[in-house]
Amino acid sequence: MLNENCYQFEGNRKQAEKIITTFRASPNVLPACKYIIENTQRDEVTFQAVVALKEVAAREYALHPRAEMHALRDWLLEVAISRLDQLSALSEDFGDATRHPMSGYMVKSEHDQLNLCLMKRQVALLTFSALLDEFSSNRASAVGLPYNFHVKSRKTFEDGELRPVFQIVVQILQHLMHAGINMENAADLELLGICMNIMQQSLSWEFVSADDNPLLGSFETTMDNRRVRQVGRFPASWRDFIIRPEIIDMFFQLYNMIPAKNSGLADTVRQCLTQLAGVHGPVFHATDAMGRIIKDDSVQREYVAHLLRNILKLIEKFVLEHPSNISFEYSEELTCITTMSTKIIQTYRLRVLAAVPELLPFLNELGKLNIACYQSGTGDGDFYETGAHEEGDELLDLWARLVEQIEEYTEEQNALRSTGVHTQDFDLPGLMKFLTMVAFHVFETYVDMRLEAAKHSVDDDSDGDEIKDDYMYEEQLIAIGIIARLDSAKCLNKLQLLISDRVGRIRETFAGRESQDGLPYVLDHVHWLALFSGHVLAHPSRGEVPEVPRAILALSAQTPENNDPVVLLSTSLLNALEVVSVEADSPQFAMCSPLLTETLLWFVERWSETYLFIDGSINGGKLKSASLSHAFGAESGGPHILDFILRMIQKNFILWHGQEDLLMQIVNILSTFSKSAGIRNALLISETFESLIGFFLENLSRLPAAVHSPLIENIALIATHASSPEIRRHYFTRLTDAIERRLLSVIQHPNFSQKYQGPETIEHVISTMEVYSGLVLAADETNTKEIFASVSKYFDAFIQLMELYRNHTEVEKYVLQVFANLIRCQSFEELTDADCQKLYAAVLSLLKTYAKNTIGRTRVVAINEDSELFDDLSCILEILAQLMASQYEGMTWNDILLKRSAKGAVDVADVIFYGVNTVTPLISDQMLQFPELCKDYISLVSNLVRYFPDKLSVLPPALLANLVRALEFGMHNAMTEVARGAFEAITTLALYAWDESAHPGLSIEFLHSHLDRLLHKTFEMFLFLEFDSGLMDSAGEALFALVLARPRVVTQQSQPAFAQRLNTALLGLHESIARTMQTPDTADRLRAARAEGLVTVFDAMYCWPLSHFTCNVDILSGKDSR
């Protein structure tokens, strides 16, 4: 039949495919497949039989005796060898059929066949490759093995078979190289390609730790036993096979032998070399005289030294062949060099690297190569045509990593010296001297390259909407800042000279003494020089005020005050800002660049965090700079600099009031000022700042809408944190009066009812709502009362606006945002009961208005739609979730019930459930595909279940089903935060159902079907699906709680396949129960509950008596002292 269908395949394809599919699905088809393969003479019939055998071998493996499967494997091997003309198809499917741990026979057989014909070797090599393909993956099985069996098989394979495979292929490669590989012979190249693929797979193998549990979802509560795999981390058993010098030499020789035209093979060898550069782990461990396992630095040094010698030859050859320009055809070779070099610096500790004599020559050649990369293509049209600059950036990162390693090592040595221990593994001063010399050349070349590239970017008219340079080149700018500080004197001097020259040329052009033709290039140069200076002079903010970099402070401290390069460079850039901040009606304004002004303001922001009002010292005052204190300190030049910055801010607000990004940068400066108490207080007593605030408030309508909220937020933060109550009151009153006037000018306008739908009026309303959002975002525990009082007096006006603009969802969204931000930022403990009641009443009225507005409103959902279409729903969800959290977060269940019993005129529970009934029907499953909306929805459902489980019974059945389905959806969400919230909500719901004392007299039967489904889905996720291991604890808690609540679901499994797999999985649970019981930080009652849940599961699945686990239950519940 199969033979006939292969004949008629072309004539009646569908019928033939149906019969062939039926044949593959037939029971006990293995003998038929063997018979067909042995007797047919047609290739297509053989192919169909082999494909069927491949599928059946995996599907029916457990149904046949092991001896029978071994015999099938041996028979396939003989067939593959005997039919070399059908090599590719048979050997591939043979590999698929024999991908299981019992591959020892194959390895030994191949070892005996090393001297057989080339084609027989190729069969074995293809089989090796198939095995590696199957077991190198930690996510999926090509054959279709269950995940737990796949992982166990993988572990067995890598422990017993992977290294012999590696040895055999190394011997084959050595044999081929000794005999001489003919690079023009297709058969030789094919065999070499297979060998190199196996080598690449072996060297990039991710070994499973010996402590790992191969069962995904192993119910273990400890974090330490999670599976951690690292490429290049080889076990000690590989020591004699992978770190030998001849292995390294073999790969470098192969790389030099392969012709450039064979790019695929050359690329595979490059990948092998890269993996060799990152070999680490127990393979370098040794046993000391006491029998302890230690890191053998001497072996690592020998290995690294041999690697560096070979890479050094490669770099020298490459630089010699490409002294001035690196063409695109050699970019892959360059990438190989940079990747290997980076891997070495990343992998090995400094004490190993720096003790190797070859390191300095290696770094010297890398420096030359780095410079060559940046000089390549200089002056040509496309700066990144060759790819050399990208590799230069990689090397730039390498230097920065090396410097950071040295800094860490120095700190370790200083800490040891403080304890009286002194160790010196290498010549650190010599290494630093060398790096200092290289650093300036690399820095200088990068700066020159970037300034040259600026000419091309200016000429390119398509740059308008591109990503900004400080973001696009952030990694390179950070690296160049680290490198420049190695030789800070020279680097700051170069920047100073360049900035002085460019600013001087700008002055000359503005004065009409120089042509305007070259001005765009000069402005772009200053833009880049400001970026460089900001990254050299200051660290980025990490939540705390960044200190002056140690090298910069040391340079400033040892330089005469009138010639401090740090002060000179800072002053030059501030002066540059003044030069380009011209009058709006001057002819020079047409020559200015908003990009340059924005960058100079960025420099002011970054610089101010570190230098403005500085005391000039770090490390407890051990290192101090008098010149910095005098120039920028709070008691000397700081107030003058602050006043200057404020004048520049106001001037540029006038100049660039339509440039949103530039204005946001000014807001960022105010945000930086708001975080420093010293600067805040100086601002509030400054006449310039008071004038600036008046200017802001009077010109809000001229500013882009996006600026309103953050600008008002930062002004409010500065005003409400004044140290003087009078000053605080003065500024806050001035701010709120201006905001109120803006609102009242709209809603109290005589013609408002006639023109409220006009575009200008709508825009005015939206901007006013944004201003109020900014005000409430400034709320904290110190100013909550003031801000709430200012906003709450207009609650009714906000709600009326939303009702009036029922057909303008944009206005509706901004009104909702005011309430969402207010509830999120308020400190409710600072509010009175009357304040809370006023808020609850307003939110209830808001929800009722929203419910009326949405009647008849339809939403068309498409995957490619903008998520902003659901901002109104997100706001409602956030209001409800935050309202619950603000009332009950951190409370016990009894405390929650006690607080809920103290009802006011407006019960917060009524508000919340009205909102839930309003918003939940509006959210479809398709909408939950949008991450932010899904996150907000799961947060609401989680809080609802956590704080109001007893109220779920009053919900309509359809609504309750939607809520539970949302939890199920959340379990599988890609965002860990969402999934964890869903599991925590499931745990709360299940424990509530289990604990009779939590619902006395209340039937929870309405929850049973929902809990059953959640239990099934949780089991399914644990046992059969792969999910984020970071969810193990929360998912485990949910599973325990669900088993407690619904034990009969486990005992009544009607699906045999599910029950069988559950059986196997729970065996793994039994083995880990001892560790689970050792959870000292868990409440006694929940620990006993966990034990009871485990006992229920085991009793159901294994029919073991409960008394078998009595001791375990007692231990978990605290009844047993053990």
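How many salt bridges does a search of the whole structure find? I got 32 salt bridges, keeping in mind that this is a predicted model.

**α33 and α34**

I looked at how helix α33 (residues 705-720) packs on helix α34 (residues 725-747): the angle is about 155° and the axes are 8 Å apart. That makes the two roughly antiparallel, since angles over 145 degrees count as such. From α33, I noted H708, I712, I715, A716, A719 and T720; they meet R728, Y731, F732, L735, I739 and R742 of α34. Sorting the residues of this contact gave me eight nonpolar, two polar and two charged.

Next I checked R734, which pairs with E690 in a salt bridge, closest N and O atoms 3.5 Å apart. R734 sits in α34 and E690 in helix α32 (residues 687-698), so this pair ties together parts 44 residues apart in sequence. Both came out partly exposed: R734 at 26% relative accessibility, E690 at 29%.

I then found E740 bridging to K793, 3.3 Å from N to O. E740 is in α34, while K793 is in the loop between α37 (784-792) and α38 (795-804), so the tied parts are 53 residues apart in sequence. Buried or exposed, I asked of E740? E740 is buried, with a relative accessible area of 13%, whereas K793 is partly exposed at 48%.

**Elsewhere**

K813 and D871 also form a salt bridge, 3.7 Å from N to O. I placed K813 in helix α39 (residues 809-825) and D871 in helix α41 (residues 871-888), so the pair ties together parts 58 residues apart in sequence. K813 and D871 are both buried.

Last entry: I found D501, R502, R505 and E514 linked in a salt-bridge network.

Technical notes:
Residues numbered from 1 in each chain as written. Predicted model: local features only at pLDDT ≥ 70, side-chain atom pairs only at ≥ 80, totals over all residues. Heavy atoms only, no water. Axes fitted to C-alpha atoms, helices over the stretch in contact; angles between N-to-C directions. Helix = DSSP H or I, 4+ residues; strand = E, 2+ residues; numbered from the N terminus. Parallel < 35°, antiparallel > 145°, perpendicular 65-115°, else oblique. Contact = heavy atoms within 4.5 Å. Nonpolar A, V, L, I, M, F, W, Y, C, P; charged D, E, K, R; others polar. Salt bridge = Lys/Arg side-chain N within 4 Å of Asp/Glu carboxyl O. Buried < 20%, exposed > 50% of the residue type's maximum accessible area, 1.4 Å probe, protein only.
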